[in-house]
Amino acid sequence: MPSTVPGSLRDDAAALQDDLARLRGALHREPELGLDLPRTQEKVLAALDGLPLEVATGERLTSVTAVLRGARPGPTVLLRGDMDALPVTERGDARVISQVDGVMHACGHDLHTTMLAGAARLLAARRDELAGDVVFMFQPGEEGLGGAKIMIEEGVLEASGERPVAAYALHVFSSGLPQGMFVSRGGPVMAAADRLRVTVRGVGGHGSMPHLAKDPLPVACEMVTALQTMVTRAFDPFDPVVLTIGSFHSGTMDNVIPDEASFSGTVRSFSQTSHDRLKERTVELVQGLAKAHRLDVDVSYVQDYPVTVNDPGEAAFMAETIREAYGEDRYFESPNPLPASEDFSFVCDEVPSAFVVMGACPSDADPGTAAVNHSPDARYDDAVLADGAALYAELAVRRLARGN
């Protein structure tokens, strides 16, 4: 279904490009971590000031929820942009990089926030043409803290007075995609993410007399190896599971048997079935190995984010919108989900939703070799800001025109 104002959203977004670049630059230079982003919230509120919006802020986190009421009655559509940064020390030109030591917008959330603020301006200018309401969800705490879940608990899905019929989110990638290319798919689009922490407890002693101690270190090593075997033998290879141990700590000297050994890692899955089974099988395995060696073990298995599942109908609608608004060559249907995770998954579990990735690699870089998201060298091109803002707005305009 065509936009109610064909061709004008991208033009109007392009006219906002300088303002968008200034906002993104301000956000990038002053990044904040976690659920408490007071300076970021202040910048978002300033960007929305003067628009015909009903604005509310969070209680347990510094979120911003803004509602635009259309001139005519109709359904509600939600647009999400995340705002938090990462504990990464940015490398690059001192004039433009983060001014906060050890904190960087390494995942491009500053672009998402800017695009969503731009969409609010574009849609506010079209308020008289909208049959329904738009909720703008500016979310802290995406990076492992479940900010979306907290915003849902605080009522973001009821902000307009009724639940959205659809929700959309966009995420930029600094590499892997040409600038301006959009990628998504129906069904699972991002992995579930869990955290595993294990501490094996034994009895320390002299390295020359291990029979007089209870050495936890080889048992912890055996657990790491057994976990990799479990993935290949207990789960369907066509419903993959990724288990990576990223941290292992034990001991202080070469001839001292330590009292304990600990390791931690991340566990990814792409279906609810595997996500549900992983916790049980993982905990059972490490506990069984500890018991076999007569050692104690503490296991923490935290299910952080569920699988991000695109509603097939909304994903198809998003793809159609991108192809019509930007051209057939700007959208690619991914054959597989991505192994990263997203807490937009909590919104997807509640509302028919679609999540799309957008290439934001600088034009002078090779997408195949550019630094990836979360890298201290990650770079994102401001040139994508206008198209991102226009896409958010285009999705809302077209979806409201469809009605319920």
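Where is arginine 294 found? Arginine 294 sits in the loop between helix 7, residues 272–292, and strand 13. I start with that residue and then go through the rest. Please keep in mind that this is a predicted model.

Arginine 294 has a phi near 60°, which is a positive value in a residue other than glycine. Its relative accessibility is 71%, so arginine 294 counts as exposed. Histidine 374 is also not a glycine, and its phi is positive, at about 80°. Histidine 374 belongs to the loop between strand 16 and helix 10. The relative accessible area of histidine 374 is 38%, and the residue is partly exposed.

In soluble globular proteins, nonpolar side chains tend to be buried together. Here the largest nonpolar core has 65 residues, and the members that touch the most others are Leu79 and Phe136. Which helix gives the largest share of this core? That is helix 10, residues 385–402, with eleven residues.

Take leucine 79 by itself. Leaving out neighbours within four places in sequence, leucine 79 is in contact with residues including Leu116, Leu123, Val134, Phe136 and Tyr168. Tyr392 and Ala396 are also among the contacts of leucine 79.

Next, the strands in this part of the model. How many of the nine residues of strand 4 are buried? Nine of the nine are, so strand 4, residues 131–139, is largely enclosed by the rest of the structure. Strand 2, residues 64–69, runs antiparallel to strand 4, and six bridges join the two. Within strand 4, the residue opposite alanine 66 is phenylalanine 136. Strand 3, residues 72–82, pairs with strand 4 in the parallel sense, over eight bridges. For leucine 78, the residue standing opposite in strand 4 is valine 135. To get from strand 3 to strand 4, the chain passes through helix 4, residues 109–124, and this β-α-β crossover is right-handed.

One more residue before we move on is arginine 24, in helix 2, residues 17–29. Is arginine 24 buried or exposed? With a relative accessible area of 9%, arginine 24 is buried. The cut-off for buried is under 20%. Not counting residues up to four places away in sequence, arginine 24 touches Asp110, Leu111, Thr114, Tyr380, Asp382 and Leu385.

The next region comes with a label from a record. An unreviewed UniProt entry carries the annotation "domain: Peptidase M20 dimerisation" for residues 196–291. In the model, that span is 41% helix and 31% strand, and its end C-alpha atoms lie 19 Å apart.

Strand 12, residues 260–269, pairs with two strands that I will describe in turn. Strand 8, residues 192–201, is joined to strand 12 by ten bridges, and the two run antiparallel. The bridge partner of valine 200 in strand 12 is alanine 261. Strand 10, residues 241–250, is also antiparallel to strand 12, with nine bridges. Phenylalanine 248 has phenylalanine 263 of strand 12 opposite.

Leucine 278 lies in helix 7. Its relative accessibility is 0%, so leucine 278 counts as buried. Apart from neighbours within four places in sequence, the contacts of leucine 278 are Met230, Phe235, Val241, Val267, Arg268, Ser269 and Tyr301. Leucine 278 and tyrosine 301 are 23 residues apart in sequence, and their C-alpha atoms are 9.4 Å apart in space.

Last, the aromatic rings. How many aromatic pairs does the structure hold? It holds five, and I will describe two. A pair of aromatic rings is described by the distance of the centres and the angle of the planes. Tyrosine 305 and phenylalanine 346 are edge-to-face, at 5.7 Å centre to centre with 85° between the planes. Tyrosine 305 is in strand 13, residues 296–305, and phenylalanine 346 is in helix 9, residues 345–348, so the pair ties together parts that are 41 residues apart in sequence. Tyrosine 305 and phenylalanine 346 are both buried.

The other pair is phenylalanine 344 with phenylalanine 355. Their ring centres are 6.2 Å apart and their planes are at 35°, so this pair is tilted. Phenylalanine 344 lies in the loop between strand 15 and helix 9, and phenylalanine 355 lies in strand 16, residues 353–359, so the parts tied together are eleven residues apart in sequence. Phenylalanine 344 and phenylalanine 355 are both buried as well.

Key: Residues numbered from 1 in each chain as written. Predicted model: local features only at pLDDT ≥ 70, side-chain atom pairs only at ≥ 80, totals over all residues. Heavy atoms only, no water. Core = buried A, V, L, I, M, F, W, Y, C linked by side-chain atoms within 4.5 Å. Buried < 20%, exposed > 50% of the residue type's maximum accessible area, 1.4 Å probe, protein only. Helix = DSSP H or I, 4+ residues; strand = E, 2+ residues; numbered from the N terminus. Contact = heavy atoms within 4.5 Å. Pairing = 2+ DSSP bridges. Right-handed = clockwise from strand over helix to strand, strands pointing away. UniProt positions renumbered as here; feature names shortened; annotations may be inferred. Phe/Tyr/Trp six-rings, centres within 6.5 Å; stacked < 30°, edge-to-face > 60°.
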